[in-house]
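Biologist: Can you walk me through the ligand site? Keep it quick.

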Amino acid sequence: MDLHSVEAVVVPTSREDVWPLGAHDAVLAGGTWLFSEPQVDIQRLVDITRLGWPPVVVTGSGVELAATCTIDRVSQLSEELPRQHPEWAAAPLLRHCCDALLASFKIWRTATVGGNVCLSLPAGAMISLLSALDGILTVWRPDGSDYQIAITDFVTGSATNVLSPGELLRAASVPAHALRAMTAFRQLAPSALGRSGIVVIGRRDTEQDGGGFTLSITAATVRPYVFRFDTVPGVGDLRSVHAGIPDDAWTRDAHGDPDWRRGVSLTLAEQICGELR
Ligand SMILES: Cc1cc2nc3c(=O)[nH]c(=O)nc-3n(C[C@H](O)[C@H](O)[C@H](O)COP(=O)(O)OP(=O)(O)OC[C@H]3O[C@@H](n4cnc5c(N)ncnc54)[C@H](O)[C@@H]3O)c2cc1C
C-alpha cells in the first residue's frame, strides 16, 4: 500500500548516517508490515538494508543473524549449518520456526529477523526461535553505544518491547550450546494458513553442556515464557510452572481463545517432555 504521509526515504550506508531518528521516522527493513497497513504518523522512512551487515555470521561460538537477515535466509541454515557443524542438532528448528510464519515466498524473501522481533507480535516466529535457543539481541543506541539483552527481556507484551525512541536492533545471536541441543517443536494455528496460535518448543542440552531442559511457550502468550529445569521435568513440575503464567498473559485475538491456548499448550509441553526424556 502507498504510504501517503511519507515525504522522504533515506538509505544510510554507515552507522552514523542512521540518526537522527525522530518521532515521525520509521526504520524500514523488509517493509512487509510497514506497507501492509496505513501509517498515518510516519513522514520519513530510514531504510537499513544498505548498511552492509552480513546476514549470517557462523563461528564456533554460535550464529549471529543480522537484523536485516531475511526469514528465507534463516530457513536455509537448517541445511547449511549441519555441513559445518554436524554436532548442531538443533539446526532443523530454524526451518520449523520460519515455517510457523505462514506467508507467501515473497514475504519470506523480504521479511527480516529484526522486523519480526521489533514488531513483537505474539506470533513472531523469530521470537519463538530465539526464545528456545537463548537468543541475545544487540541494540544500537543513538549515542553510538550498544547494549545486549535476552529476547525474553526484550519483548514485554503484545506488540510492545523495550526499544527506546531512536534505538535500532542490530543483530540476534544464538549460542553454540543451544545449537548442540536436541529440540522438539509443536505449533498450532486455528486455520491451515493462519498465524500461530500456540508454539511450544523443548530443548534438552547435551550432557557436556549440563543436560538442562528449557521449555519455551510463545504465540499462546503475549510475551515469551521460558522455563529452565535441571533435567526433563515430571508432570507435576511442568504443571506447576505452567500454572504460574498469569491469566492476562494468555493471548486473546482472532488466532485463538486464551482458554484454548492455556489448555493445549500444557498438553503440547507434556508431549515434548515425553519426546525428549
Ligand atoms: C502475509 C503476511 C503474513 C504474516 N505472518 C506473520 C506471522 O505469522 N507472524 C508474525 O509475527 N508476523 C507475521 N507477519 C508480520 C511480520 O512480522 C512481518 O511481516 C515481518 O516479519 C516484519 O519484517 P519486515 O522486515 O518486513 O519489517 P518492516 O515492515 O520493515 O518493519 C516492521 C516494524 O519493525 C520496525 N523495525 C524493523 N527493523 C527494525 C530494526 N532493525 N530496529 C528497530 N526497528 C525495526 C519497523 O520500524 C516497523 O515498525 C505477516 C505479514 C504478512 C504480510
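Modeller: Classes first: Ala, Val, Leu, Ile, Met, Phe, Trp, Tyr, Cys and Pro count as nonpolar, Asp, Glu, Lys and Arg as charged, and the others, Gly among them, as polar. By that scheme, the shell around the ligand has 19 nonpolar, eight polar and one charged residues. This is a predicted model, where local features need pLDDT of at least 70, side-chain atom pairs count only at pLDDT 80 or more, and totals for chains, interfaces and linings use all residues. Residues are numbered from 1 along each chain as its sequence is written, and side-chain values use heavy atoms, with hydrogens and water left out.

Biologist: Which of the 28 residues around the ligand come nearest?

Modeller: Val27, Gly30, Gly31, Thr32 and Thr112. A residue is near if one of its heavy atoms lies within 4 Å of the molecule.

Biologist: What lies 2.7 Å from an oxygen atom of the ligand?

Modeller: A backbone N or O atom of Gly31. For Leu34, a backbone N or O atom is 2.9 Å from a ligand oxygen. Trp33 has a polar backbone atom 3.0 Å from an oxygen of the ligand.

Biologist: How much of the ligand's accessible area does the protein cover?

Modeller: 88% of the 970 Å² that the ligand has on its own. Areas come from the Shrake-Rupley method with a 1.4 Å probe.

Biologist: Which element gives the most to the shell?

Modeller: α4, with five residues. The elements giving two or more are α4 (113–119) and β10 (168–175). Helices (H or I, at least four residues) and strands (E, at least two) are DSSP runs, numbered from the N terminus.

Biologist: And why does the ligand lie between domain 1 and domain 2?

Modeller: Because domain 1 (8–47) and domain 2 (56–175) both give residues to its shell. The bounds come from an automatic or database domain assignment.

Biologist: Switching to backbone geometry. Is the peptide bond from Trp19 to Pro20 cis or trans?

Modeller: Cis, with omega near 5°. Pro20 is in the loop between β1 (8–10) and β2 (25–28).

Biologist: Where does Ser120 lie?

Modeller: In the loop between α4 and α5 (125–132). Most residues other than glycine have a negative phi.

Terms used: Polar contact = N/O pair within 3.5 Å; in protein donor to acceptor, adjacent residues only side chain to side chain.
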